[in-house]
Amino acid sequence: MWYWLVKYVFFGPLLALIGRPKVEGLENIPDDGAAILASNHLAVMDSFYLPLVVRRRITFLAKSEYFTGTGIKGWLTRSFYTAVGQVPIDRNDSDAAQAALTTAQRILGQGKLLGIYPEGTRSPDGRLYKGKTGLARLALHTGVPVIPVVMVGTNVVNPPGTKMLRFGRVTVRFGEPMDFSRFDGMADNRFIERAVTDEVIYELMRLSGQEYVDIYAASVKNGVPQQDGATGQPVARFPETAAG
């Protein structure tokens, strides 16, 4: 009940007014059954606008910081994310990450939609960054389709580094479901996992028109970007494994 109240009463009308969301490819979302929604990640508001335009409930793997705050603010934040079906994941603890992966498998096993950001964190500059292979591991183990999702304009409505909302135009674009059944029996092969992840990221690049950077976004945020040895510039080409 809380999920639908938050979506349609408390925040939905306000978000619709501010972002005037435009939806493309909504027919690619199945009416029932499990699927992974793999989205680029420009702003915190991605996790609000995506559920807003999809009729079915979406569960996200949220960073653990949303659930560990103290005081009244921490309680309110924790209660809100719990109410809308978020699942915490500790990105600094491999055991906790595995537990979150197991939880994600359980969610998909129940026939639900699971939202994932393959980049692992928000883009620091609007470009598309290298994907982490947890997405592929989950898709290969469960066999569910992966639906690429592109968010456009959320970083205008919700500028990175701020909690402010500004008027703008948000576009949510859904690509066709991606089937990786050709890799049946090859789960946990790190080369296959990388190929699957790169294929999804390539589709996000194609749908969004974003420039691709072949390093992890977290590396840039931590101040340790990798560089092209010849030019001294950040690597910005798609890896050859993208075609799968």
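G19 lies in helix 2 of this predicted model, where helices (H or I, at least four residues) and strands (E, at least two) are DSSP runs, numbered from the N terminus. With 0% relative accessibility, G19 counts as buried, because buried means under 20% relative accessible area, exposed over 50%, and partly exposed in between (1.4 Å probe, protein chains only). Residues are numbered from 1 along each chain as its sequence is written. Since the model is predicted, local features need pLDDT of at least 70 and side-chain atom pairs count only at pLDDT 80 or more, while totals for chains, interfaces and linings use all residues; side-chain values use heavy atoms, with hydrogens and water left out.

- Leaving aside neighbours within four places in sequence, G19 is in contact (heavy atoms within 4.5 Å) with Y49, V157, G168, R169 and V170.
- The C-alpha atoms of G19 and V170 are separated by 5.2 Å, although these residues sit 151 residues apart along the chain.
- R20 is found in the loop between helix 2 and strand 1 (22–24).
- R20 is not a glycine, yet R20 has a positive phi of about 40 degrees.
- R20 counts as partly exposed, at 47% relative accessibility.

**The chain as a whole**

- The protein chain holds nine helices and nine strands.
- Of the 244 residues in the protein chain, 47% are buried.
- Among the contacts in the protein chain with a separation of 6 or more, 77% join residues 24 or more positions apart.

**The nonpolar cores**

- A nonpolar core is a set of buried Ala, Val, Leu, Ile, Met, Phe, Trp, Tyr and Cys residues joined through side-chain atoms within 4.5 Å.
- Which members of the largest nonpolar core touch the most other members? They are Y49, L50, V54, V172 and F174, out of 28 residues in this core.
- Two or more residues of this core come from each of helix 2, strand 2 (35–39), helix 3 (46–53), strand 3 (58–63), helix 4, strand 7 (146–152) and strand 8 (171–174).
- Helix 3 gives the most to this core, with five residues.
- Apart from this core lies another one, of 23 residues, with L108, L135, L138 and L140 among them.

**Helix 6 and A139**

- A139 is found in helix 6, which covers residues 134–142.
- The buried residues of helix 6 are L135, A136, L138, A139 and L140.
- A139 has a relative accessible area of 4% and is therefore buried.
- Residues up to four places away in sequence aside, A139 touches I36, V144 and V146.
- A139 and A187 are 48 residues apart along the chain, and their C-alpha atoms are separated by 8.8 Å.
- Just after helix 6 comes G143, with a positive phi of about 75 degrees.

**The second largest pocket**

- On a 1 Å grid over the protein atoms alone, a cavity is a set of points where a 1.4 Å probe fits but cannot get out, whereas a pocket is an open set with protein on both sides within 12 Å along at least five of seven lines; lining residues have an atom within 4 Å of a point.
- The second largest pocket is lined by 23 residues, and V44, M45, Y66, Y81 and K163 lie nearest its centre.
- Helix 2 (12–19) and helix 4 (71–83) are the elements that give two or more residues to this lining.
- Which element gives the most to the lining of the second largest pocket? Helix 4 does, with five residues.

- D188 lies in the loop between strand 8 and helix 8.
- D188 counts as exposed, at 53% relative accessibility.
- Although D188 is not a glycine, D188 has a positive phi of about 75 degrees.
- R194 is found in helix 8, residues 190–208.
- R194 counts as buried, at 17% relative accessibility.
- Setting aside its neighbours within four places in sequence, R194 is in contact with K130, G131, T133 and Y216.
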